Amino acid sequence: MTTTQPVLHISSLTKHYGGVKALTDANFRLMPGEHAAIVGDNGAGKSTFVRLITGVEQPNSGDICLNNQKVSFHSPLDAREQGIETVYQTLALAEDLDVPANIFLGREITRLNLGPLSILNHKAMREKSTEMLSTTGVKIQDMSESLRGMSGGQRQCVAIARAAGFAKKLIILDEPTAALGVAETARVELIIKGLKQQGIPLIIISHNLRQVFDLVDRIWVFRQGRIICNRLTRQTNPEEIVGLITGAIDPANLSPEETKEEALTC
Ligand SMILES: Nc1ncnc2c1ncn2[C@@H]1O[C@H](COP(=O)(O)OP(=O)(O)O)[C@@H](O)[C@H]1O
Ligand SMILES: [Mg+2]
């Protein structure tokens, strides 16, 4: 028996859009410091799952527990305030703003806080942004330049640096390298490995099995709106994961203690 509690524990999470069963009865957990991957075909329910646990949408039913406390996020801001940072599949960055403005979007540092008349502390935001980017190893020549002129990789690194800088409990990345080239992907993977060393729990959605096997401790397989099983990375292989994703392998034929997450309440 281990006494370690999961950072995140999800029970019976369900979301239906009319007749579309995007996610049914999903059970999931993430342990302290653990990096987990979510894999599955298009339409398997991966992004829905992320939207539910980050407050973008509300589930029809099910429980989300963060550090053993039942939570219910009413907005992404709500989730962020409780320490969950997310980089969504569609990047939520403002092209016309510079790096510090993007990093502090929605949580600007002020010199004088008078609501709409607040005075922003640009110097503090610039310095803090430089610090946050340097911990991720990202180099931006000119911090006052807008994101418009930057490559996809640089933008993604800004988004991940922002998430890493603010995340207190958990980072979620939805397909962070899907649009990136080889060198840019390598850079993002280095950032993720750095987060592992820092002990920050992370969930990554990825179609890239090489990347998944390189980065995470545990793999969760989604299929047709259900989480069908989870496997410790060191106890599985890419062929088995592909078989589970496509349905060629029935999870019922795998060792049961490895595959099923019991529905628990916190
Ligand atoms: N807002 C929505 N309205 C209706 N159907 C949706 C909505 N979002 C997702 N779906 C459907 O739910 C299923 C799961 O989608 P999604 O979570 O985006 O899958 P994935 O990220 O694994 O590709 C798909 O059939 C998709 O068409
Ligand atoms: Mg998706």
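At what angle do helix α5 and helix α6 pack, and how far apart are their axes? Select residues 152-166 for α5 and 182-197 for α6: the angle is about 10° and the axes are 9 Å apart. (Axes are lines fitted to C-alpha atoms, for helices over the stretch in contact, and angles run from 0 to 180 degrees between N-to-C directions.) The two helices are therefore roughly parallel to each other, a label for angles under 35 degrees.

Before moving on, note that this is a predicted model, where local features need pLDDT of at least 70, side-chain atom pairs count only at pLDDT 80 or more, and totals for chains, interfaces and linings use all residues. Residues are numbered from 1 along each chain as its sequence is written, while chains are lettered from A and ligands numbered from 1 in the order in which they are written.

Next, select ligand 1. Around it you'll find Y17, V20, A22, G40, N42, G43, A44, G45, K46, S47 and T48, each with its C-beta atom, placed from the backbone, within 6 Å of the ligand. Now color α1 (46-53) and β2 (20-30): each supplies at least two residues of this shell. The largest share, three residues, comes from α1.

Finally, zoom out to the protein chain. Here you can pick out nine helices and twelve strands; these are DSSP runs, with helices being H or I of at least four residues and strands E of at least two, numbered from the N terminus. The C-alpha atoms fill a box of roughly 60 × 40 × 40 Å, taken along the principal axes.

How values were computed:
Parallel < 35°, antiparallel > 145°, perpendicular 65-115°, else oblique.
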